[in-house]
Amino acid sequence: MANKAIFASFAGTAVLSSLIPLLNSCSGGKQKSGKKPLNIVYIMCDDHSYQTVSAYDNRFLDTPNIDRIASEGVRFTNSFVANSLSGPSRACLLTGKHSHKNGFTNNEHGVFDGSQQTVQQLLRDAGYTTAMIGKWHLVSEPTGFDYWNILTGQGDYYNPVFIDNGQNCVKLGYATNITTDIALEWLENGRDKSKPFCLFLHHKAPHRTWMPDLCDLDLYNDITYPLPDNFYDDYSGRKAAANQEMSIIKDMNVVYDLKMADRENEIHTPENPMLESYGRGMYLQTGEFRPGRMTEEQQAVWDAHYLPIIEKFKKDSLSGDALYQWKYQRYMHDYCRVIHSIDRNVGRVYDYLKENGLLENTIVIYTSDQGFFMGEHGYFDKRFMYEESFRTPLLVRMPDCCRTALRGKDIDGMVQNIDHAPSFLELAGADIPEDIQGESYLNLLYGNNRGWRKSLYYHYYEYPAEHCVRRHYGVRTERYSLMHFYNDIDEWELFDLRNDPEEMNNIYGKPGTEKIIRKLRKELARLQTIYEDPIIAENE
Ligand code: SGN
Ligand code: CA
């Protein structure tokens with residue numbers, strides 16, 4: 001791949017790679033004369049939409065701490081994932097490979113094979129100390145980390161169970177704060193300070209059911225969020241878009257998702273009576289809401305906030321459009337409150353790095369495991385190759401010592417989450433193994449996009465499953481997005497992103513599109529070939 005070729009010439013110094021990271025330079029491995037090894041702080045949230053990072057979009061809330069990474073570093077304006085789902089995204093991150101190569105294609109059946117090559121192990125081999133803290137979601141035990149302290153499964157917002165290097169322990173408090181506390185403690189006292197470090201700090205927030213920290217419950221009360229233009233999408237011309245279960249109107253559950261669990265059991269969700277009973281049961285008896293899950297004090301603060309909303313909701317007896325709009329506002333209020341806490345905790349990490357002189361030689365990355373729908377097409381959740389879930393925020397602050405790195409700029413090269421592993425390896429001055437499919441984006445951070453890729457490959461597998469999004473793969477170029485939904489359907493969709501950024505008008509098969517379809521299908525086949533996706537047979 002183009003960037004590997006660029007790296008190869010630089011890695012003419014490859015002989016030196018066994019001596020690094022101590023010979024590594026502050027310019028991301030470009031000059032071997034530097035002194036300081038570079039550290040990596042990779043902060044990843046779960047389901048954080050770029051729409052709710054004010055560096056990308058300021059319609060919803062301010063995220064000053066996250067934005068600071070962009071203003072002192074760069075904002076990627078075309079950052080994507082390879083498979084818009086948690087486990088698969090994490091497997092892509094750690095291996096630098098697409099799902100069919102790393103073996104973790106979906107959450108339902110995936111178990112990560114930790115014996116395979118991973119970036120954390122390669123960094124360790126290059127002299128780094130590595131830690132994984134927070135949401136892991138890869139089922140098998142983490143490998144290749146000097147330290148790991150992970151949430152069980154999705155993790156709970158309140159009083160979560162962490163598995164601390166194999167030992168289960170309940171931590172009292174709110175997950176985002178606790179995850180940050182553990183990370184700061186590792187930075188301060190846990191790591192081997194004689195080595196450069198790589199910290200993966202993975203928040204579980206803002207995953208469903210978007211439970212805010214107690215101190216943030218009353219934020220944004222007076223804000224009415226703008227409904228997306230295509231909130232009432234009728235999905236015409238897009239069968240796969242129509243046949244899902246992630247609609248705010250029909251699938252988002254008032255009781256479970258929006259927390260309207262009245263103790264009298266009087267609230268019903270007419271849009272979907274089946275989900276209604278499921279929702280109430282889930283809310284009051286299982287998971288995050290089961291009796292005793294929160295402490296009495298936490299529960300009291302929680303109830304003081306939600307019970308009046310529940311009472312008002314009952315009194316108002318909303319229906320039809322008024323109910324849909326109410327659902328959207330409730331969803332957005334909780335989601336934005338959860339993000340506010342993320343932003344505050346990103347600030348805590350930044351402050352720690354600054355106070356300890358670590359910004360000098362540490363790259364700081366902020367991203368999410370995928371994007372998320374904030375009501376676009378009427379959806380919540382992700383999975384689709386549509387822009388809102390295919391994209392993910394990516395902000396990168398290069399270490400201060402990398403004086404020629406871009407600052408306060410946008411990078412428009414199309415990057416994907418498989419690109420982190422090779423970037424980290426290049427940063428560490430380590431060799432990038434040939435079988436890694438991502439490309440190092442370090443050159444982009446210096447304003448050099450020569451030879452950078454012009455198209456991206458996507459493949460989503462989790463069907464049949466929750467939310468019912470059909471399996472699909474596709475190719476995205478700067479202008480077009482072509483996707484093929486397969487398995488129990490056979491539907492192609494093509495969008496001209498320049499003229500139809502909201503992806504409402506499927507032009508696949510329309511007169512005049514023959515040439516572009518031929519070209520894109522050829523490009524899709526080329527990507528499936530170079531990435532060796534076995535699905536290729538279906539596309540011929
Ligand atoms: C849970 C959620 C889903 C979500 C998946 C995957 N349901 O199953 O809404 O799509 O996780 O999310 S919940 O009722 O259990 O919250 S992922 O980010 O982990 O892939
Ligand atoms: Ca996720």
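Visitor: Why does the arrangement of donor atoms around the calcium ion (ligand 2) count as irregular?
Guide: The 6 donor atoms there subtend angles of 51 to 173°, which makes the arrangement irregular. For six donors, octahedral would need opposite donors over 155 degrees apart and all others between 65 and 115; four donors count as tetrahedral if all angles lie between 85 and 135 degrees, or as square planar by the six-donor rule, and anything else is irregular. Before going on: this is a predicted model, where local features need pLDDT of at least 70 and side-chain atom pairs count only at pLDDT 80 or more, while totals for chains, interfaces and linings use all residues. Residues are numbered from 1 along each chain as its sequence is written, chains are lettered from A and ligands numbered from 1 in the order written, and side-chain values use heavy atoms, with hydrogens and water left out.

Visitor: Which residues coordinate the calcium ion (ligand 2)?
Guide: D46 (OD), D47 (OD), D369 (OD), D369 (OD) and Q370 (OE1) do, at 2.1 to 2.7 Å. Donors are N, O and S atoms within 2.8 Å of the metal, or 3.2 Å for Na, K and Ca; water is not among the atoms, so sites may look incomplete.

Visitor: How are those donors spaced along the chain?
Guide: The spacing is D-D-x321-D-Q.

Visitor: Are D46 and D47 buried or exposed?
Guide: Both D46 and D47 are buried. Buried means under 20% relative accessible area, exposed over 50%, and partly exposed in between, with a 1.4 Å probe and protein chains only.

Visitor: Changing topic. How many aromatic pairs are there in the whole structure?
Guide: A search of the whole structure gives 31. Rings of Phe, Tyr and Trp (its six-membered ring) pair if their centres lie within 6.5 Å; planes under 30 degrees apart are stacked, over 60 edge-to-face, and the rest tilted. W136 and F145 have ring centres 6.0 Å apart and planes at 85°, so that pair is edge-to-face. Both W136 and F145 are buried.

Visitor: What about Y473 and Y486?
Guide: Their pair is tilted, with 5.5 Å centre to centre and 40° between the planes. The pair links distant parts of the chain, 13 residues apart: Y473 is in strand β14 (residues 472–477), and Y486 is in the loop between β15 (480–485) and β16 (491–496). Strands (E, at least two residues) and helices (H or I, at least four) are DSSP runs, numbered from the N terminus. Y473 and Y486 are buried.

Visitor: Which residues form an aromatic cluster?
Guide: Y235, F373, Y379, F384, Y386, F485 and F495 form one.

Visitor: You mentioned β14 to β16. What sheet are they in?
Guide: They belong to an open sheet of 4 strands, in the order β13-β14-β15-β16, with antiparallel pairing. β13 (455–460) and β16 are at the edges with a single partner strand each, so one side of each has no neighbour in the sheet. Two strands pair if DSSP finds at least two bridges between them.

Visitor: How are β14 and β15 joined?
Guide: A hairpin joins them through 2 residues, and 5 bridges link the two antiparallel strands. G474 has M483 in β15 as its bridge partner, and R476 stands opposite S481.

Visitor: And β15 to β16?
Guide: They run antiparallel, with 6 bridges. Their hairpin has 5 residues between the strands, and N487 in the turn has a positive phi of about 90°. Y480 stands opposite D496 in β16.

Visitor: Which way do the residues of β15 point?
Guide: Y480, L482 and H484 point one way, S481, M483 and F485 the other, and all are buried.

Visitor: Which strands are in the 10-strand sheet?
Guide: That open sheet has the order β7-β6-β5-β4-β8-β1-β9-β10-β2-β11, with mixed pairing. Its edge strands are β7 (167–170) and β11 (409–411), each pairing on one side only.

Visitor: What does β4 pair with?
Guide: β4 pairs in the parallel sense with strand β8 (residues 197–202), over 6 bridges, and 4 bridges join β4 to strand β5 (residues 147–151), also parallel. T130 has C198 in β8 as its bridge partner.

Visitor: Why is β4 called largely enclosed?
Guide: 6 of the 6 residues of β4 (residues 129–134) are buried, so the rest of the structure largely encloses the strand.
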